[in-house]
Amino acid sequence: MTLDQISRGTPVRILDVTGDDTLAIRLMEMGLIEGERIELIGAAPLGDPLEFSVRGYRLSLRANEAKRVIVELVSGREP
Amino acid sequence: MTAPHELTVVLIGNPNTGKSTLFTALSGMHTRIANFPGCTVEKKLGMYQDQGVKITLVDLPGTYSLSPRSLDEMVSVDVLLGRQADVGKIDAVICIADAANLERNLYLYTQVREIGVPVVLCLNMWDLAEARGIVVDREALSQRLGVPVVVTSAHRNVGITELKAAIHRVVGTSIAPVRPEFPAAFNHEITQLSQWMQAKYGAVPPLFLLERMLLDVGGESEKKLAMALSPELLPVLAASRERLAEQGCRVPAIETKVRYQWLREQLTGVVTRSSPVERVTTSDRIDKVLTHKVTGVIAFVAVMLLIFLSIFAGAAPFMDAIQAVQGWAAGWVESVMGPGTLRSLIVDGVIGGVGSVVVFVPQIALLFLFIAIMEDCGYMSRAAFLMDKLMTKIGLSGKSFVPLMSSFACAVPGVMAARVIENRQDRMLTILIAPLMSCSARLPVYMLMIGAFVPENVYVAKVIPLQGLVLFAMYSVGALVAIPVAWILRKFVFKGETPPFVMELPSYKWPSPKIVLSRVYDRVKAFVLRAGTLIFCTTVLVWAAAYFPEDHSHEMQLQSEIAQWEAELTVGWDQPALGRRPTTPEGDAPQGGPAFEANLSHPTSTSHEAKQAQLDQLREEAHLVSGQLLADSYLGRSGRLIEPLVRPLGWDWRIGVSVIASFPAREVVLATLGTIFSLGSEVADEGEENEKRFASTLQSATWPDGRPLFTLPVAVSIMVFFALCAQCAATLMIIRRETNSWRWPIVTFVYMTGLAYVAAFMVYQVGSRL
């Protein structure tokens with residue numbers, strides 16, 4: 001499952017950020033590291049970008065950027 | 001060691017940490033703004049005295065990390081390493097962090113401290129963190145990190161003295177070797193790389209750059225070194241990264257992993273909470289409303305409308321006042337100086353030139369007032385968040401919205417506002433298309449042409465007035481053309497991967513009036529000092545081209561006669577039949593021509609009406625002379641020269657001259673048209689009578705063979721040209737200033753003039769065949 005697919009109010013855990021380009025580096029620098037928890041807060045009125053809560057701050061990502069972050073549900077296994 | 005008399009201190013930190021606030025709190029109003037050579041990064045210096053030492057504070061752009069991926073980002077690294085020649089050696093670094101969000105903020109700190117320069121860690125917005133129940137044991141943090149930790153609330157001036165003292169304490173000390181430990185495999189590769197470079201090139205870059213080179217795949221340090229040394233470096237780096245990946249140290253992930261892990265260990269027990277973690281903060285609740293599908297959009301439209309109307313209409317009284325002062329100053333000079341070249345230079349060149357700069361100040365000040373408030377309170381990033389989807393459709397990002405919207409009022413503040421876009425590609429693209437938005441200076445041109453040549457009382461589909469429709473079309477054409485232009489620029493000029501949007505949405509807070517005002521002051525100062533001089537020079541140059549090389553003595557004589565008649569008429573109005581005859585100034589030999597005869601033949605006591613008629617005749621004569629002088633000036637000659645070029649647009653040389661003369665600003669075209677069609681430049685002033693006179697003269701203007709000059713296709717061709725052209729020196733000069741290069745204003749001028757020419761050509765050629 002990738003970060004653009006999660007639903008609001010369900011915290012997930014980050015497994016990996018794919019790629020080694022500018023975007024991947026930027027995502028990791030913003031604290032999206034393996035093992036970190038992240039949660040969807042909402043979306044812009046046109047559906048994109050998305051707003052997340054991670055490491056105690058609010059982060060905005062476009063859906064196609066969030067796609068680069070692989071996550072799993074915190075409680076159960078990945079569906 | 002004796003204390004030094006001068007210190008250079010660098011201020012660095014993440015965006016939204018109150019860095020500018022701290023900068024202002026430390027250095028007050030003593031700032032200098034310039035650009036770092038060869039790039040678009042603004043160099044902001046602040047000066048202050050402390051304990052008898054002169055301190056120069058260098059403000060670096062807000063950044064989340066020190067992994068340079070562009071030339072602009074490389075500047076910060078070069079400054080910190082003391083490799084930036086125009087800054088020199090660094091004595092200390094203040095690393096500022098948001099006290100409420102230490103973990104992510106300190107990531108940058110872990111990189112900064114590896115440079116080896118003494119660091120003071122400043123935890124800012126301390127009061128806000130306390131209010132949110134976040135407690136930081138700063139003693140413990142200072143012990144663990146081995147650097148002084150100072151807490152500040154810069155917007156309330158709290159902790160500034162302690163920070164200044166801490167800077168003095170660290171200068172000259174060596175930084176404790178407390179840092180995240182990279183895996184042995186990584187260190188091994190760095191040693192290998194260093195040895196390889198030593199053997200191959202006989203020199204090794206500083207350890208910090210060496211590490212950056214290995215860690216930043218496709219980054220600026222890799223590019224720079226490979227370019228400076230040899231491309232052989234790249235496969236060596238790739239092999240090294242591959243070996244690391246095999247050993248479980250995947251580059252670039254390894255760096256963020258090591259640093260964040262280390263930070264979490266350091267912060268455990270240091271950051272605690274006095275109240276339980278709020279899952280939904282006040283800021284979140286505000287956000288719910290302001291980014292909501294309905295309320296968020298309504299709020300956004302309201303805010304943008306307010307900003308737009310403020311710079312479009314709200315700035316008008318101030319601009320009128322500036323023009324009134326300008327008119328008053330010109331009038332005063334005319335009253336104390338006789339007509340002459342010097343007077344013309346002062347009135348039309350100098351006063352006009354200063355006016356053409358100052359007239360932008362109200363719009364710039366108002367726009368930056370709003371931008372500073374929005375940035376300081378946290379709404380700016382929400383505006384980008386709301387508009388991003390829409391703007392990506394034309395290859396831009398949400399951050400381009402405010403600059404482009406502002407450009408509909410005036411491109412000068414619009415281009416300046418583009419500095420809120422951190423990404424260079426996005427920023428350049430926004431700057432290059434901003435002048436296509438229909439600004440308020442085009443409006444007078446549209447109004448004259450539409451009023452004179454688009455039939456009134458004609459309705460499309462029975463309800464839409466044709467005049468209004470044409471005006472709307474003129475307003476939209478620039479924005480519509482901007483879409484393919486942006487697409488082409490993105491495809492061929494600013495190519496490469498789409499810049500990441502990844503952006504923090506900071507917590508909302510009350511904007512600080514002091515910070516807002518100081519930012520407005522900074523921008524106005526930067527505009528007047530750095531773009532203003534260029535705009536002023538352009539105005540003076542165009543004045544000279546329109547004035548020389550002709551002999552203006554006849555015009556001057558007419559002007560002094562008119563002045564005397566005007567004076568007499570005013571006197572005569574108050575005290576009838578005084579019978580004073582205007583005298584010619586001594587030594588000014590009377591010349592022939594109707595003006596002279598009119599002067600001679602006027603009786604000593606005439607009725608007021610007769611005097612008025614004489615005066616009108618004189619004025620008409622002066623208008624004819626001025627028109628002829630302009631036609632024979634360098635400007636007029638160049639207009640004649642380019643006539644073959646503008647003929648396909650349906651224009652004669654007189655229109656050509658007027659368009660060239662409008663280079664300083666579009667609206668100047670009206671005054672020039674007025675002069676060259678012998679109406680006097682005053683005809684361009686507001687007023688219904690002026691408009692009617694202007695329109696009827698243009699309607700009756702003809703080609704030498706008697707055909708009417710202005711037809712509807714010609715009028716539309718002129719309007720379309722003005723919609724798309726770059727006849728605005730101020731915009732070009734501000735682009736020069738913001739991009740720190742002459743290349744981009746030239747590109748803008750060439751592409752816009754080209755577009756304008758082609759569009760005007762098509763409109764005229766198609767229109768005149770219909």
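Select chain B and colour its residues by burial: of its 770 residues, 44% count as buried. A residue is buried if 20 or more other C-beta atoms lie within 10 Å of its own, exposed if 12 or fewer, and partly exposed in between, with C-beta atoms placed from the backbone. The model is predicted, and local features need pLDDT of at least 70, side-chain atom pairs count only at pLDDT 80 or more, while totals for chains, interfaces and linings use all residues. Residues are numbered from 1 along each chain as its sequence is written, and chains are lettered from A and ligands numbered from 1 in the order in which they are written.

**Chain B as a whole**

Keep chain B selected and switch to a cartoon view. It shows 34 helices and twelve strands. Helices (H or I, at least four residues) and strands (E, at least two) are DSSP runs, numbered from the N terminus. The C-alpha trace of chain B spans about 105 × 60 × 60 Å along its principal axes. Two residues are in contact if their C-beta atoms, placed from the backbone, lie within 7 Å. Among contacts in chain B between residues at least 6 apart in sequence, 72% join residues at least 24 apart.

**The nonpolar cores**

Next, select Val93(B), Cys95(B), Ala99(B), Val120(B), Leu121(B) and Met719(B). These have the most contacts inside the largest nonpolar core, which has 216 residues. A nonpolar core is a set of buried Ala, Val, Leu, Ile, Met, Phe, Trp, Tyr and Cys residues joined through C-beta atoms within 7 Å. Helix H23 of chain B gives the largest share of this core, eleven residues. Another core lies apart from it and has eleven residues, including Leu209(B), Leu214(B), Leu225(B) and Cys249(B). In soluble globular proteins, nonpolar side chains tend to be buried together.

Now centre on Ala99(B). Leaving aside neighbours within four places in sequence, Ala99(B) is in contact with Leu123(B), Asn124(B), Met125(B), Trp126(B), Ala129(B), Ile134(B), Val136(B) and Val151(B).

**Two residues with positive phi**

From that list, pick Met125(B). Met125(B) is not a glycine, yet has a positive phi of about 60°. It sits in the loop between strand E6 (119-124) and helix H4 (126-131) of chain B. Is Met125(B) buried or exposed? Met125(B) is buried, because 28 other C-beta atoms lie within 10 Å.

Move to Asn157(B), in the loop between strand E8 (149-151) and helix H6 (160-170) of chain B. Asn157(B) also is not a glycine and has a positive phi, of about 65°. Asn157(B) has 13 C-beta neighbours inside 10 Å, so it counts as partly exposed.

**Two cis peptide bonds**

Select Phe548(B) and Pro549(B): the peptide bond from the one to the other is cis, with omega near 0°. Pro549(B) is in the loop between helix H23 (513-547) and helix H24 (553-574) of chain B.

In chain A, select Asp48(A) and Pro49(A). The peptide bond from Asp48(A) to Pro49(A) is cis, with omega near -5°. Pro49(A) is in the loop between strand E2 (37-43) and strand E3 (50-54) of chain A.

**A helix pair**

Return to chain B and select residues 443-453, helix H21, and 688-700, helix H31. Their axes come within 9 Å and cross at roughly 65°. Axes are lines fitted to C-alpha atoms, for helices over the stretch in contact, and angles run from 0 to 180 degrees between N-to-C directions. The contact is made by Leu448(B), Gly451(B) and Ala452(B) of H21(B) and by Glu691(B), Phe694(B), Ala695(B), Leu698(B) and Gln699(B) of H31(B).

**Where the chains meet**

Show both chains. Here 31 residues of chain A are in contact with 33 residues of chain B. On the chain A side, the largest share, seven residues, comes from H1(A).

Two strands pair if DSSP finds at least two bridges between them. Two bridges join E4(A) to E12 (residues 503-504) of chain B; the partner of Ser60(A) in E12(B) is Met503(B). Further along, E1 (residues 12-17) of chain A pairs with E2(A) over two bridges, and Val12(A) stands opposite Ile38(A).
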